[in-house]
Amino acid sequence: MYLIAEGGISTKNTLVNTKGAISLSLNTNYIDGISLNVAYTKDEVFIIADRDSLMFTTQGSGYIENNTYNDLLHFNIGTKVLNARVVTLNEVLDIYNNSNKMLILNLDYQGFRTEEYTYQLLSLISNYPNIKIYLKSFDKTILSILNNSNTKAKIGIIIDNNNLNNINDNYDFYVINNYLVDKDILIKKINSNKLIMTELISNGSDLINYYYRYGDYVLNNLYIISDNTSQLYKDIKLIEK
């Protein structure tokens, strides 16, 4: 199995979705890559941030798309003890440019700017052909644009309760966030060189439950996206003993 750190590697002195967490992931041997949520500011700057988290931290200043990048730089998206500012996707790409680890970007619905957001992002990442970029989304418009582009990035769909039938569509990878997906389907995808990922596992108990549902073969080929990779890695080592 493979471990993907959501927001990078956090420590006592390093917060997720910061340059420190992203840089730290490069030097963490048990991490195979990171997954980041890509937001879009009013002045068309791509930043890494969880929307709900930023809304709360900025004390109701408004959604990201209603603020310019410079507006957001005035806010502390960290804690009272650890200050942090928003990180741009350009900064992330520069950090990962010489890495062989996976960079998974989650693309989210952006209202009437969804198409602009997607095309602009494709243009940006085309300047970084050496990075192993994976683009995942749940949004139909975004996925349609990605599928019709000539991007070198891998394209993946997020499968949950609302779109189970889309598991039959052809993508490079699948993020399975539902236990109802049939085991045989996942095995067939893996045997067809498709990657299977999930965001459902955060500890040893979750790992064991996944094993009983899908078995060794699926688990061994699984990419686990988690914001608790440090503890999960320890749990994996304990289970292996």
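Buried means under 20% relative accessible area, exposed means over 50%, and partly exposed lies in between (1.4 Å probe, protein chains only). By that rule S35 is buried, at a relative accessible area of 0%.

This is a predicted model, in which local features need pLDDT of at least 70 and side-chain atom pairs count only at pLDDT 80 or more, while totals for chains, interfaces and linings use all residues. Residues are numbered from 1 along each chain as its sequence is written, and side-chain values use heavy atoms, with hydrogens and water left out. Helices (H or I, at least four residues) and strands (E, at least two) are DSSP runs, numbered from the N terminus.

**Strands and buried residues**

- S35 is found in strand β2.
- Contact means heavy atoms within 4.5 Å; leaving aside neighbours within four places in sequence, S35 is in contact with I4, A5, E6, G7, I104, K136 and I225.
- One of these partners, K136, has its place in strand β6 and counts as buried at 2% relative accessibility.
- Beyond its neighbours within four places in sequence, K136 is in contact with residues including S35, I104, G156, I158, F173, V175, E199 and I225.
- K136 and F173 are 37 residues apart in sequence, and their C-alpha atoms are 8.4 Å apart in space.
- Strand β6 (residues 132-137) and β7 run parallel and are joined by four bridges; two strands pair if DSSP finds at least two bridges between them.
- L135 has I155 of β7 as its bridge partner.
- Strand β7 (residues 154-159) is largely enclosed by the rest of the structure, because five of its six residues are buried.

**Helices α1 and α4**

- The axes of helix α1 (residues 19-26) and helix α4 (residues 89-96) come within 10 Å and cross at roughly 20°.
- That makes α1 roughly parallel to α4; angles under 35 degrees count as roughly parallel, over 145 as roughly antiparallel, 65 to 115 as roughly perpendicular and the rest as oblique.
- Axes are lines fitted to C-alpha atoms, for helices over the stretch in contact, and angles run from 0 to 180 degrees between N-to-C directions.
- K19, I22, S23, S25 and L26 of α1 meet E91, V92, I95 and Y96 of α4 in the contact.
- By class, the contact of α1 with α4 has five nonpolar, two polar and two charged residues.
- Ala, Val, Leu, Ile, Met, Phe, Trp, Tyr, Cys and Pro count as nonpolar, Asp, Glu, Lys and Arg as charged, and the others, Gly among them, as polar.

**Helices α7 and α8**

- Helix α7 (residues 183-191) and helix α8 (residues 204-220) have axes that come within 10 Å and cross at roughly 25°.
- That makes α7 roughly parallel to α8, and the crossing is right-handed.
- The contact is made by K183, L186, I187, I190 and N191 of α7 and Y210, R213, Y214, Y217 and V218 of α8.
- The residues of this contact of α7 with α8 divide into seven nonpolar, one polar and two charged.

**Positive phi in loops**

- Most residues other than glycine have a negative phi.
- N17, in the loop between β1 (2-6) and α1, has a positive phi near 65° and is not a glycine.
- N17 is buried, with a relative accessible area of 16%.
- E44, in the loop between β2 (33-40) and β3 (46-48), has a positive phi of about 65° although it is not a glycine.
- E44 is partly exposed, with a relative accessible area of 42%.

Technical notes
A crossing is left-handed if the near helix is turned anticlockwise from the far one by less than a right angle, and right-handed if clockwise.
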